[in-house]
Amino acid sequence: MKKLTIIFRRAPHGTAHGREALDLALLSASFEQEVSLIFVDEGVLHLITEQQPELAGAKDYIATFGALDLYDIETVLVCQSSLERFGLADSELTFSVDRVTSASITAQLQAADEVLVF
């Protein structure tokens, strides 16, 4: 089984990158790939609750993150320093996440067969 790690690095809704990353994650997991997600930099903004992307003319795909368990995507890491940079508390996030340091992210990347950055 191939280990795929997808990094969400850009803010949601300004481009199609976030939606494409999520679609790739779910598709890969449905073909029994071991998928891990990492949220860093502006990518942590995907995790904020009660977003209204329709006001920016974008589709709301954030709720789809709730399907990660159905696809057996269990490893979801979020950069602690990125969350602090945006002042995000756990209560402001759409689902429970593992806050990790850059050392943990590096270890995850080294264990991956492929890494894709969106």
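Mentor: Contact means heavy atoms within 4.5 Å. The model is a predicted one, in which local features need pLDDT of at least 70 and side-chain atom pairs count only at pLDDT 80 or more, while totals for chains, interfaces and linings use all residues. Residues are numbered from 1 along each chain as its sequence is written, and side-chain values use heavy atoms, with hydrogens and water left out.

Trainee: Which residues does V97 touch, not counting residues up to four places away in sequence?

Mentor: V97 is placed in the loop between α2 (80-85) and β4 (98-100); helices (H or I, at least four residues) and strands (E, at least two) are DSSP runs, numbered from the N terminus. With residues up to four places away in sequence left out, V97 touches L47 and V78.

Trainee: Is V97 buried or exposed?

Mentor: Buried means under 20% relative accessible area, exposed over 50%, and partly exposed in between (1.4 Å probe, protein chains only). The relative accessible area of V97 is 13%, so V97 is buried.

Trainee: In what order do the elements of the protein run from the N terminus?

Mentor: The secondary structure comes to 3 helices and 5 strands. From the N terminus on, the order is β-α-β-β-α-β-α-β.

Trainee: What radius of gyration does the protein have?

Mentor: The radius of gyration is taken over C-alpha atoms, and the globule rule is 2.2 Å times the number of residues to the power 0.38. With 118 residues, a compact globule would have a value near 13 Å, and the protein agrees because its radius of gyration is 13 Å.

Trainee: What share of the 118 residues in the protein is buried?

Mentor: The C-alpha trace spans about 40 × 30 × 20 Å along its principal axes. Of the 118 residues, the buried share is 41%.
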